Structure formats: C-alpha cells, structure tokens
Amino acid sequence: MTAEIAAAYMGISKTTFLTRYGFAGVKEGSNTLWAKIQLDSMIAKQFSIKQPRAGAEDRDTSWDDFR
C-alpha cells in the first residue's frame with residue numbers, strides 16, 4: 001500500500017508514518033510501498049504482542065527478492 005493508505009491504516013498522519021516507518025518501505029519503480037502484514041508485525045513488536053511462529057515452509061517469502 002502507498003504511504004497515504006498505510007498512514008490511514010495505522011491511524012496517523014502521512015508525515016508521522018514516514019518518520020516512523022519510512023525505512024521499511026520497498027521501492028517499486030517510482031513508488032514506495034508497504035505490506036499490511038509488515039505493518040502488523042511492527043506494531044505487534046512495538047507492543048510486545050506475541051505472534052505465532054510459522055514453520056519454514058509456511059513463511060511468506062513473497063517480499064524477499066526486494067531486499
């Protein structure tokens with residue numbers, strides 16, 4: 001999702017979103033995008049919310065080639 005949509009999803013302004021989470025965006029041409037699952041994971045970590053650990057075969061690798 002774009003910064004505008006991701007900021008709305010997080011309930012903060014675009015400026016605040018880019019300050020806090022801009023580092024995690026993935027460049028796609030001239031756009032920078034964020035994945036919902038990525039944002040959910042960062043929030044869970046921030047609030048110490050335990051997340052179920054997936055096995056290696058269940059791990060989402062769809063974004064691995066972008067880093």
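Predicted model: local features only at pLDDT ≥ 70, side-chain atom pairs only at ≥ 80, totals over all residues.

Biologist: How are α1 and α2 oriented relative to each other?

Modeller: The axes of α1 and α2 are 9 Å apart, and the angle between them is about 95°. Angles of 65 to 115 degrees count as roughly perpendicular. The relation of α1 to α2 is therefore roughly perpendicular.

Biologist: Which residues of α2 meet α1?

Modeller: On the α1 side, the residues involved are Ala 3, Glu 4, Ala 6, Ala 7 and Met 10. Contact here requires heavy atoms within 4.5 Å. The α2 residues that they meet are Lys 14, Phe 17, Leu 18 and Tyr 21.

Biologist: Against which helices do the buried residues of α3 pack?

Modeller: Helix α3 spans residues 36-46, and its buried residues are Leu 39, Met 42 and Ala 44. The buried residues of α3 pack against α1 and α2.

Biologist: With which residues is Met 42 in contact, leaving aside its neighbours within four places in sequence?

Modeller: Met 42 is one of the buried residues of α3. With those neighbours left aside, the contacts of Met 42 are Tyr 21, Phe 23 and Ala 24.

Biologist: Is the aromatic pair of Phe 17 and Tyr 21 stacked, edge-to-face or tilted?

Modeller: The model holds 2 aromatic pairs. In the pair of Phe 17 and Tyr 21, the ring centres are 5.6 Å apart and the planes stand at 40°. Planes under 30 degrees apart count as stacked and those over 60 as edge-to-face. The pair of Phe 17 and Tyr 21 is accordingly classed as tilted.

Biologist: Why are Phe 17 and Tyr 21 separated by about one helical turn?

Modeller: An α-helix has 3.6 residues a turn, so residues three or four places apart point the same way. Both Phe 17 and Tyr 21 are buried. They are about one turn apart because their spacing in helix α2 is 4 residues.

Biologist: What is the geometry of the pair formed by Phe 17 and Trp 34?

Modeller: Phe 17 lies in α2 and Trp 34 in the loop between β2 and α3, so this pair ties together parts 17 residues apart in sequence. Both Phe 17 and Trp 34 are buried. With ring centres 4.9 Å apart and planes at 75°, the pair is edge-to-face.

Biologist: Which residues form the one aromatic cluster?

Modeller: Phe 17 pairs with Tyr 21, and Phe 17 also pairs with Trp 34. The cluster is therefore made up, by the ring-pair rule, of Phe 17, Tyr 21 and Trp 34.

Biologist: Which salt bridge links distant parts of the chain?

Modeller: There are 2 salt bridges in the model. In one of them, the closest N and O atoms of Lys 14 and Glu 4 are 2.8 Å apart. Lys 14 is partly exposed at 38% relative accessible area, and Glu 4 is partly exposed at 47%. The link runs over 10 residues, from α2 to α1, and its partners are Lys 14 and Glu 4.

Biologist: How many residues apart are Asp 40 and Lys 36 in helix α3?

Modeller: The side chains of Asp 40 and Lys 36 form a salt bridge with an N to O distance of 2.9 Å. Both count as partly exposed, Asp 40 at 29% and Lys 36 at 44%. Their spacing in α3 is about one turn of the helix, or 4 residues.

Biologist: Is Gly 25 buried or exposed?

Modeller: Gly 25 is found in the loop between α2 and β1. Its C-alpha is 8.6 Å from that of Ala 3, although the two are 22 residues apart in sequence. Buried means under 20% relative accessible area. At 15%, Gly 25 is buried.

Biologist: What is the phi of Ser 48?

Modeller: Ser 48 is found in the segment after α3. Ser 48 is exposed, with a relative accessible area of 67%. Its phi is positive in a residue other than glycine, with a value near 55°.

Notes. Residues numbered from 1 in each chain as written. Heavy atoms only, no water. Buried < 20%, exposed > 50% of the residue type's maximum accessible area, 1.4 Å probe, protein only. Helix = DSSP H or I, 4+ residues; strand = E, 2+ residues; numbered from the N terminus. Phe/Tyr/Trp six-rings, centres within 6.5 Å; stacked < 30°, edge-to-face > 60°. Salt bridge = Lys/Arg side-chain N within 4 Å of Asp/Glu carboxyl O. Axes fitted to C-alpha atoms, helices over the stretch in contact; angles between N-to-C directions. Parallel < 35°, antiparallel > 145°, perpendicular 65-115°, else oblique.
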